[in-house]
Amino acid sequence: MTILKPLLARNRSWALQQRQRNPHYFRKHVAGQQPQALWIGCSDSRVPAEVLTGAHPGELFVHRNIANMVLEDDDSLMSVLQYALDYLHVSAIVLCGHYGCGGVQAAVNLPNMPLSQEDSALARRMVHLRRSLASELQHYQQAEDDETTRLNRLIEAHVVTQVGHLIASQPVRQAWEQGKTLDVFGCVYDLQDGHLKELVHQDSMEASHELKHSA
């Protein structure tokens with residue numbers, strides 16, 4: 001049996017359940033979308049944005065990549081960000097990492113991995129990730145905590161760093177300069193209990209104040 005057949009069967013079952021609860025469930029989405037938030041998360045299969053937040057279709061505009069990274073030269077992410085802000089007019093961005101992130105673990109171990117010798121998209125991404133974690137890696141290597149605690153702290157630091165990249169990006173800064181209401185959150189997801197934890201938050205008023213003083 002191919003993997004597609006059970007996926008199609010579960011899809012039909014899910015669609016039927018939604019129509020039984022609300023006959024107009026799908027019809028209301030045909031005209032367009034008006035999500036309130038953009039979710040930038042990790043591609044890890046254990047961290048599905050809609051499932052862990054209980055969101056319905058139309059509530060989240062989602063972009064996922066390895067280790068939830070924000071890179072100015074990533075056209076895929078930047079086009080999603082621009083579209084979310086300029087055309088969907090989302091009022092919040094949630095950047096979400098997760099404990100046990102394989103991308104961060106790979107970046108830590110990169111010098112000792114065969115991947116570090118490759119010239120591939122994945123290898124280049126891991127190099128970017130390791131560079132962005134350079135200062136945090138020094139603390140990681142010197143900390144006396146157990147391995148899990150050290151890695152969790154490194155993952156939290158990574159989320160905060162990526163939120164910093166997001167806040168500094170041209171689409172976000174332009175939105176704040178134009179006076180748009182936009183909150184940016186950095187969260188981490190715990191695989192062990194299914195809970196999200198807020199790590200950092202930047203709102204429009206704080207951003208406007210900082211932009212005025214930096215001008």
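Angles between axes under 35 degrees count as roughly parallel, over 145 as roughly antiparallel, 65 to 115 as roughly perpendicular and the rest as oblique. The structure is a predicted model, in which local features need pLDDT of at least 70, side-chain atom pairs count only at pLDDT 80 or more, and totals for chains, interfaces and linings use all residues. Residues are numbered from 1 along each chain as its sequence is written, and side-chain values use heavy atoms, with hydrogens and water left out.

Helices (DSSP runs of H or I, at least four residues) and strands (E, at least two) are numbered from the N terminus. Axes are lines fitted to C-alpha atoms, for helices over the stretch in contact, and angles run from 0 to 180 degrees between N-to-C directions. Helix H4 (residues 102-109) and helix H7 (residues 147-168) cross at roughly 105°, and their axes come within 10 Å. H4 and H7 are therefore roughly perpendicular to each other. Contact means heavy atoms within 4.5 Å. On the H4 side, Val104, Gln105 and Val108 meet Leu151, Leu154, Ile155 and His158 of H7. This contact has 5 nonpolar, 2 polar and no charged residues. Here Ala, Val, Leu, Ile, Met, Phe, Trp, Tyr, Cys and Pro count as nonpolar, Asp, Glu, Lys and Arg as charged, and the others, Gly among them, as polar.

Helix H3 (residues 75-86) packs on helix H8 (residues 170-177) at about 20°, with the axes 9 Å apart. H3 and H8 are therefore roughly parallel to each other. Met78, Leu81 and Leu85 in H3 meet Pro171, Val172 and Ala175 in H8. The contact of H3 with H8 has 6 nonpolar, no polar and no charged residues.

An open sheet of 5 strands has the order S2-S1-S3-S4-S5, with mixed pairing. Two strands pair if DSSP finds at least two bridges between them. Strand S2 (60-65) and strand S5 (196-202) stand at the edges, each with a single partner strand, so one side of each lacks a neighbour in the sheet. On average, neighbouring strands are turned by 20° against each other, direction ignored. Strands S3 (residues 92-98) and S4 (residues 183-189) run parallel and are joined by 7 bridges. Ile93 has Val184 as its bridge partner in S4. H7 lies across strand S1 (37-42), S3, S4 and S5, and runs at about 160° to S4.
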